[in-house]
Amino acid sequence: MVNMPSFPLLLLLLWGTESQFFPATSEIQKKDMEMVQKYLENYYDLKNVGGHNKRVKDSKMVEKLKQMQEFYGLKVTGKPDAETLKVMMQPRCGVPDVAQFVITEGHPRWEKTHLTYKIENYTPDLPRADVDHVIEKAFQLWSNVSPLKFTKVSEGQADIMISFVWGDHNDNSPFDGPGKILAHAFQPGQGLGGDVHFNEANRWTNDFRDFNLYRVAAHELGHSLGLSHSTDIGALMFPNYIFSGDVELSQDDINGIQSIYGSSLNSVGPETPQPCDNKLTFDAATTFRGEPMFFKDKFYMRASSFYPEVEVHFISVFWLHLPKGLEAAYEVADRDEVLFFKGSDYWAVQAEKMLPGYPKDIYTSFGFPDTVRHIDAAVSEEDTGKTYFFVSNKYWRYDENKRSMDAGYPKKIGRDFPGIGNKVDAVFMKDGFFYFFHGTNQYKFDPKSKQVLNHLKANSWFNCKNN
């Protein structure tokens, strides 16, 4: 199971940890405790039981908190710690993760494969034509991987009715204000069955600002077709709003919809990397303020001394405008910068800020010949200011202080880095050693003795039991 990010998006007040229950010693803590209770009632079927027996009520909350933490891949403590509060405060779908009155047993499904939909009204945030196009695209995501077909109608009732509404809109699931519940949808069936309601208190867009309508619509339509929430953070059906710059079905989403309606010719989607998969490989790796960080497709992974669990999340959560499929990266510690490479372009960041003026090309900036189309891996030595670029079976050495390539390069990787092979997928430097990656193999290399000190699995940094 993948885990939520650890970087501090919010400053949150913690409860005391001396008890498994919830001491509230200030008005702020009381307010947060009310938020936790409401969240668990809304999304984890916490019932108001126990009357005035505080211990019984608290034990029920502990049980539901553990359920929520397990769902999100958090450390299961039964306590409302900082990570748990942070997740609860993120914008999300209004469909519960655990609630019998919404996701019933028996896996509800449509008994036909040709469904109609109708847009009852339109948000003023976008042109009507944009809304029509977005909703059509959202339906196409699901029809592309299943036997389902969808037709828009303009009159009468449709199987799936779509509307933009405010607050209490007479379906026993009122919306709150902006930035919390984004939308909800109902499982297949008669009446409200399949209908989608968007919370008009939010600002809807067709880009990365505020809330992307395409992203939310595609998620809600999954509910309309019978899917519940997924614990896979890379899945479209993950309950919290995450816009990574593109909208696509993961393999988890595809498996879900095809388990209900059968398959189609298009049945392969991206998978979220699993840190403890022995077959895991990396597109790129670097240190980020001294901590190793690994990249795969549109995800990053890291395990740090500050966070005991392996963190897996979208690259766009840190750096919105970086592309997926990064091919190389390295940190320049004295400038507090990390450079990312894809093709002949590269980008520079400082902390979570992308520096202006990028992307730039590797030819003008570094002096590569035009025969180099992309960088396989890169690493910079803090002590010497030398950066090594690995391309196919050769490497270049660049002087960060002089901002120029050293003479006499490229040279053969196999000659100067014996024991690591002739090809490098990713590399970083930590505590004076290079860590080279190729496929599922990792090599700890001492640059002083020019020897491989240890041969490891690529994912050994994640403290997996099978390593």
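This is a predicted model: local features need pLDDT of at least 70, side-chain atom pairs count only at pLDDT 80 or more; totals for chains, interfaces and linings use all residues.
Two strands count as paired if DSSP finds at least two bridges between them. The chain has 467 residues, of which 51% count as buried, and it contains nine helices and 25 strands. Among contacts with a separation of 6 or more, 55% are between residues 24 or more positions apart.

- Strand S1 (residues 114-119) and strand S3 (residues 160-165) run parallel and are joined by three bridges.
- Within this pairing, Ile119 has Ile162 of S3 as its bridge partner.

**Asp195, in the loop between S4 and S5**

- Asp195 is located in the loop that lies between S4 and S5.
- This residue is buried but has no salt bridge. Lys118, the nearest side chain of opposite charge, is 11 Å away.
- A polar atom of the Asp195 side chain lies 3.0 Å from the backbone nitrogen of Met161.
- Leaving aside residues up to four places away in sequence, Asp195 touches Asp159, Ile160, Met161, His184, Ala185, Phe186 and Ser224.

**Helix H6**

- Helix H6 (residues 251-261) is mostly covered, with eight of its eleven residues buried.
- The buried positions of H6 are Gln251, Asp253, Ile254, Gly256, Ile257, Gln258, Ile260 and Tyr261.
- At the N-terminal end, H6 is capped by Ser250, a side-chain oxygen of which lies 3.2 Å from the backbone nitrogen of Asp252.
- Gly262 follows H6 and has a positive phi, near 95°.

- Strand S12 (residues 328-332) is mostly covered, as five of its five residues are buried.
- Burial extends to both faces of S12: Ala328, Tyr330 and Val332 are buried on one side, and Ala329 and Glu331 are buried on the other.
- S12 pairs with strand S13 (residues 337-342) in the antiparallel sense, over five bridges.
- Ala328 stands opposite Phe341, which belongs to S13.
- The hairpin of S12 and S13 has four residues between the strands, and Asp336 in this hairpin takes a positive phi near 55°.

**Ile420, in the loop between H9 and S22**

- Ile420 is placed in the loop between helix H9 (413-416) and strand S22 (426-430).
- The relative accessibility of Ile420 is 3%; because buried means under 20%, Ile420 counts as buried.
- With residues up to four places away in sequence not counted, Ile420 touches Ile413, Phe436, Tyr443, Phe445 and Val452.
- Ile420 and Phe437 are separated by 17 residues in sequence, and their C-alpha atoms are 8.4 Å apart in space.

Notes:
Residues are numbered from 1 along each chain as its sequence is written. Side-chain values use heavy atoms; hydrogens and water are left out. Helices (H or I, at least four residues) and strands (E, at least two) are DSSP runs, numbered from the N terminus. Buried means under 20% relative accessible area, exposed over 50%, partly exposed in between (1.4 Å probe, protein chains only). Lys and Arg count as positive and Asp and Glu as negative; His and the chain ends are not counted. A salt bridge is a side-chain nitrogen of Lys or Arg within 4 Å of a carboxyl oxygen of Asp or Glu. A polar contact is a pair of N or O atoms within 3.5 Å; within protein, one must be able to donate a hydrogen and the other to accept it, and residues adjacent in sequence count only if both atoms are side-chain atoms. Contact means heavy atoms within 4.5 Å.
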